[in-house]
Amino acid sequence: MTTAFDPVDLAGIPLANRIVMAPMTRNRATEGGGVPTDSMVTYYTQRASAGLIITEASQTCVVGQGYPFTPGLHTSEQIAGWRRVTDAVHAAGGRIFAQLWHGGRIGHPVLLPDGLIPVGPSPVAAACQVFTEDGMADCVTPHELTDAEIRTTVAEFAAAARNAVEAGFDGVEIHGANGYLVHQFLAPNSNLRTDDWGGSTEGRIRFAVEVTRAVAEAVGAHRTGLRLSPGNPFNGIEEPAPEPLYTALLQAVAPLGLAYLHLCDVPDHELIARLRKHFTGTFLLNPADGGRHTGLEDLPLIEDGTADLLAFGRQFLANPDLPRRLARGGPFNTPDRASFYGGDDTGYLDYPALDA
């Protein structure tokens, strides 16, 4: 019987176990420059016992930044900063993918250089607020991307993927979930276009398909994962009937031979099983939903074949040595929500280690 603690080959990349550290926004990069910092090197290195680490979302371009102090993958300084992270993780025996992200309409002009505003598939503001250095702020109406700008955005994803490989990452994950730009093109309430980038199912999946294809061509499909959250209402998304659209999307990207498909935050658990039938590659699942987070009780999802890899989020913040704790059945440190984001290093450097 396969367990979460067994090694696995991920498209030619050997993983020590099937426990994945989920991508989690940390807001620890330098102000303005988006360069990874010393605390980020420590943070990721401490968690290198994961079979695979997926980093926090990293913007692919300047206008793609959706929150303060998030890292990027579009400047030489950012590449050098991430190289320090990947070298340290590899020295500790870990594997690490970079998550490629564009916030789209989730952002605010105060986070961007003068004159820039967030962008999106249509000029529809998200019905939510976004975190800024001055507190929470209403999302603004985004600039509607032109056809030429969409093509540039696709190219920026591919360029960021190449930068990630230059920075030493083992691969990349395209963030197509949680209400950010890729998801905005998929959702009917954020994509009101009637051109080739909207309207029909084929039109609404086109951006996601072209980004995935461009990234796979840039760094290899074996280094490319795709994250999706069908039906997830986060960040003002409304997808009342997501199955036909996501079925079409998975059928379109399946021939590429991606490293993995990552499903997360899916309200309809039965939909997960139905969608998986359309993707025959490695399946990574984060079964968390609502107020429940992935925990010890989810390990049987590997044993019964529901997933090939299992992603843990909050538990990895409080338990840097999580695979060891899971193998022992605990004990587990309790995450401190007050120190999840920003501020000093309390909350992820100071949790006690498991006794030998």
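## Around Trp 197

Author: Leaving aside its neighbours within four places in sequence, Trp 197 is in contact with Asp 147, Ile 150, Arg 151, Phe 185, Asn 191, Gly 203, Arg 204, Arg 206, Phe 207 and Glu 210. Keep in mind that this is a predicted model.

Reader: Noted. Where does Trp 197 lie?

Author: In the loop between α4 (181-186) and α5.

Reader: And is Trp 197 buried or exposed?

Author: Trp 197 counts as buried because its relative accessible area is 0%, and the cut-off for buried is under 20%.

Reader: Which side chain does Trp 197 make a polar contact with?

Author: That of Asp 147, side chain to side chain, at 2.8 Å.

Reader: How far apart are Trp 197 and Ile 150?

Author: In sequence, 47 residues. In space, 8.9 Å from C-alpha to C-alpha.

Reader: You mentioned α5. What does helix α5 lie across?

Author: Helix α5, residues 201-219, lies across β5, β10 (171-176) and β11 (224-228). Its direction is at about 170° to β10.

Reader: Now the sheet. Which strands close into the barrel, and in what order?

Author: There are eight, in the order β3-β4-β5-β10-β11-β12-β13-β14, with parallel pairing. On average, neighbouring strands of this sheet are turned by 25° against each other, direction ignored.

Reader: Pick a pair. How many bridges join β12 and β13?

Author: Four bridges, in the parallel sense, between β12 (residues 260-264) and β13 (residues 283-286). As one example, Cys 264 has Asn 286 of β13 as its bridge partner.

Reader: What covers β13, or rather, which of its residues are buried on each side?

Author: Phe 283 and Leu 285 are buried on one side, Leu 284 and Asn 286 on the other. Both faces of β13 are covered. In a regular strand, side chains alternate between the two faces of the sheet.

Reader: Over to β4. Is Thr 55 buried or exposed?

Author: Thr 55 lies in strand β4. It is buried, with a relative accessible area of 0%.

Reader: What does the side chain of Thr 55 reach?

Author: The backbone nitrogen of Gln 99, at 3.1 Å. Not counting residues up to four places away in sequence, Thr 55 touches Pro 23, Tyr 44, Trp 82, Ile 96, Phe 97, Ala 98, Gln 99 and Phe 169.

Reader: Tyr 44 takes me to α1. Which residues of helix α1 are buried?

Author: In α1, residues 38-46, the buried ones are Ser 39, Met 40, Val 41, Tyr 43 and Tyr 44.

Reader: What covers the buried residues of α1?

Author: The cover includes β3 (19-21), β4 (52-59), α2 (76-91), β5 (96-101) and α9 (314-318).

Reader: At what angle do α1 and α2 pack?

Author: About 25°, and their axes are 9 Å apart. The two helices are therefore roughly parallel to each other, as angles under 35 degrees count as roughly parallel. Their crossing is right-handed. From α1, the contact is made by Asp 38, Met 40, Val 41, Tyr 44 and Thr 45. From α2, it is made by Trp 82, Arg 84, Val 85, Ala 88 and Val 89.

Reader: Backbone checks now. What is phi of Asn 27?

Author: Near 55°, a positive value in a residue other than glycine. Asn 27 is found in the loop between β3 and α1, and counts as buried at 7% relative accessibility.

Reader: What about phi of Asn 235?

Author: Positive too, about 60°, although Asn 235 is not a glycine. Asn 235 sits in the loop between β11 and α6 (243-253) and is buried, with a relative accessible area of 7%.

Reader: Is the peptide bond from Gly 330 to Pro 331 cis or trans?

Author: Cis, with omega near 0°. Pro 331 is in the segment after α10 (322-328).

Reader: Last one. What lies 2.7 Å from a polar atom of the Asp 9 side chain?

Author: The backbone nitrogen of Gly 12. Asp 9 itself lies in strand β1, residues 8-10.

Terms used. Residues are numbered from 1 along each chain as its sequence is written. This is a predicted model: local features need pLDDT of at least 70, side-chain atom pairs count only at pLDDT 80 or more; totals for chains, interfaces and linings use all residues. Side-chain values use heavy atoms; hydrogens and water are left out. Buried means under 20% relative accessible area, exposed over 50%, partly exposed in between (1.4 Å probe, protein chains only). Contact means heavy atoms within 4.5 Å. Two strands pair if DSSP finds at least two bridges between them. Axes are lines fitted to C-alpha atoms, for helices over the stretch in contact, and angles run from 0 to 180 degrees between N-to-C directions. A polar contact is a pair of N or O atoms within 3.5 Å; within protein, one must be able to donate a hydrogen and the other to accept it, and residues adjacent in sequence count only if both atoms are side-chain atoms. Angles under 35 degrees count as roughly parallel, over 145 as roughly antiparallel, 65 to 115 as roughly perpendicular and the rest as oblique. A crossing is left-handed if the near helix is turned anticlockwise from the far one by less than a right angle, and right-handed if clockwise.
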